[in-house]
Amino acid sequence: MPGDLPYNHSMSNDFLSTDPYKGVRDFYPEDMAIQQYIFDTWSKTTESFGYERYDASVLEPASLYKSKGAVNEEIVNDQTYTFTDRGDREVTLRPEMTPTVARMIAKKQKELAFPVRWYSIPNLFRYERPQKGRLREHWQLNCDMFGSDTVAADVEIIALAHQLLLDFGAKPEMFEIRINDRAWMNERFEQEGFTHEQSNAMLYLLDRKAKIDNFDEEAEKIAGKPFDLGLSDPAPDSRLGQVLAGLMQLGINNTKVSLSTVRGFDYYTGVIFEIFDVSGENNRSLLGGGRYDNLTGLFSADPVSGIGFGMGDVTMRDFLETHNLPMKKTKSEHIVMIPTKPDQDNKAQMIAALIRQENAGTVVSIDYNDRQVPKKIEAARKKGASGYIVIDETDGHSIQRFE
Ligand code: HAM
């Protein structure tokens with residue numbers, strides 16, 4: 001009886017929303033084409049530097065993000081999607097990939113031949129306030145190198161980040177690489193006699209420097225006396241100086257030493273960096289990363305040094321749009337077969353198979369709809385096809401091209 005049904009949509013306006021969950025995206029084919037182009041470009045460039053792809057599940061035990069050393073307090077306290085599973089385990093949808101890759105490296109540490117160069121393109125989840133360049137779900141290219149704590153490794157990872165942007169067609173003057181060194185900052189804090197808490201508070205304050213207008217006042221509160229960071233350019237023989245020189249030798253000059261680049265994660269111990277669009281249109285970083293010496297130490301007594309970065313798809317797409325850069329592969333040929341009667345469907349399939357066989361890469365699709373030929377031609381044009389073939393009794397093969 002209809003009255004027993006829990007819902008009777010046809011009788012009410014109580015339909016489900018067609019919107020996705022707040023802050024996440026649906027990828028219709030046109031978005032997916034852009035997404036695929038971004039992923040393909042990421043993979044191609046990263047693999048050309050010798051990085052191998054890995055992956056893992058989006059589910060991780062919540063403890064992975066709570067352990068001391070892996071912590072980004074803002075992410076853990078306010079931004080993780082954490083739930084209890086049916087077996088009473090606390091589970092988190094991964095908000096970043098670095099703890100996962102550190103876990104995977106530690107697990108196979110004895111078998112791996114270092115330096116290890118790995119990359120991944122995970123889907124990540126953070127409960128953020130959705131805004132331009134920030135969503136609750138994004139995909140992030142992660143490139144990391146383990147087992148080499150050298151200036152050359154720092155230079156390579158930053159050069160890879162730079163090359164990724166060039167391979168999307170960007171010019172170096174469109175973006176800026178902001179670099180700092182956590183170790184350098186910490187030395188400075190040690191000279192001041194800061195406790196660990198004071199150092200962290202100062203890093204956090206520096207992170208917000210551009211957003212506040214009372215930096216000096218706040219810095220004095222933390223230091224307990226007037227405080228001047230007193231750092232300007234790094235000495236040429238310092239780690240940061242050497243990294244900058246190495247990048248310069250590779251022709252990479254769009255770098256800037258930035259004392260307010262501190263990165264939000266506790267695990268960074270050395271060189272840290274972020275890349276920004278300089279157009280003023282996008283104020284979120286395109287990518288961010290750095291060296292982390294002790295993260296695999298959460299899992300084993302003998303930590304392996306790592307350095308890497310994460311680059312998000314949301315900010316990447318915004319950057320491409322802002323600078324009018326290509327957002328798709330050059331289109332492959334797409335031919336639509338148009339049978340004029342139902343009994344020609346099979347003939348259309350045979351011709352389609354032939355064309356695909358003889359022209360690798362050509363897309364051939366068939367319009368089986370029972371409608372007038374001009375309507376089918378119009379539909380093919382709307383789909384962005386490059387041409388069509390009308391199958392009739394006499395001549396089934398000639399391709400008509402759209403302008
Ligand atoms: P992160 O700075 O949190 O670093 O994120 C890196 C990049 O991911 C950002 O620059 C941005 O492009 C993108 N991103 C982050 N959060 C969002 C969001 N809510 N919506 C859209 N895009 C976002 C990390 O995650 C480090 N684990 C990176 C790393 C790898 N460090 C070493 N290896």
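In this predicted model, in which local features need pLDDT of at least 70, side-chain atom pairs count only at pLDDT 80 or more, and totals for chains, interfaces and linings use all residues, the axes of helix 6 (residues 182-191) and helix 7 (residues 196-207) come within 10 Å and cross at roughly 125°. Axes are lines fitted to C-alpha atoms, for helices over the stretch in contact, with angles running from 0 to 180 degrees between N-to-C directions, while helices (H or I, at least four residues) and strands (E, at least two) are DSSP runs numbered from the N terminus. Helix 6 and helix 7 are therefore oblique to each other, given that angles under 35 degrees count as roughly parallel, over 145 as roughly antiparallel, 65 to 115 as roughly perpendicular and the rest as oblique. The crossing of helix 6 and helix 7 is right-handed, a crossing being right-handed if the near helix is turned clockwise from the far one by less than a right angle, and left-handed if anticlockwise. On the side of helix 6, Arg182, Met185 and Phe189 meet Ser199, Met202, Leu203 and Leu206 of helix 7, where contact means heavy atoms within 4.5 Å. By class, the contact of helix 6 with helix 7 has 5 nonpolar, 1 polar and 1 charged residues; Ala, Val, Leu, Ile, Met, Phe, Trp, Tyr, Cys and Pro count as nonpolar, Asp, Glu, Lys and Arg as charged, and the others, Gly among them, as polar.

Helix 5 takes part in two further pairings. The axes of helix 1 (residues 29-48) and helix 5 (residues 151-167) come within 10 Å and cross at roughly 135°, and the two helices are therefore oblique to each other, with a right-handed crossing. Thr41, Trp42, Thr45 and Thr46 of helix 1 make this contact with Leu160, Gln163, Leu164 and Asp167 of helix 5, and the residues comprise 3 nonpolar, 4 polar and 1 charged. Helix 5 also packs with helix 9 (residues 239-249) at an angle of about 50°, their axes being 9 Å apart; this pair is therefore oblique as well, and its crossing is right-handed. The contact is formed by Val151, Asp154, Val155, Ile158 and Ala159 of helix 5 and by Arg239, Gln242, Val243, Gly246 and Leu247 of helix 9, which divide into 6 nonpolar, 2 polar and 2 charged.

The ligand is surrounded by 27 residues, the closest being Glu96, Thr98, Glu128, Arg263 and Tyr268, where a residue is near if one of its heavy atoms lies within 4 Å. Side-chain values use heavy atoms, hydrogens and water being left out, and residues are numbered from 1 along each chain as its sequence is written. A polar side-chain atom of Thr98 lies 2.7 Å from a nitrogen atom of the ligand, and an N or O atom in the side chain of Tyr267 is 3.0 Å from a nitrogen atom of the ligand. For Thr315, a side-chain N or O atom is 2.8 Å from an oxygen atom of the ligand.

How values were computed. A polar contact is a pair of N or O atoms within 3.5 Å; within protein, one must be able to donate a hydrogen and the other to accept it, and residues adjacent in sequence count only if both atoms are side-chain atoms.
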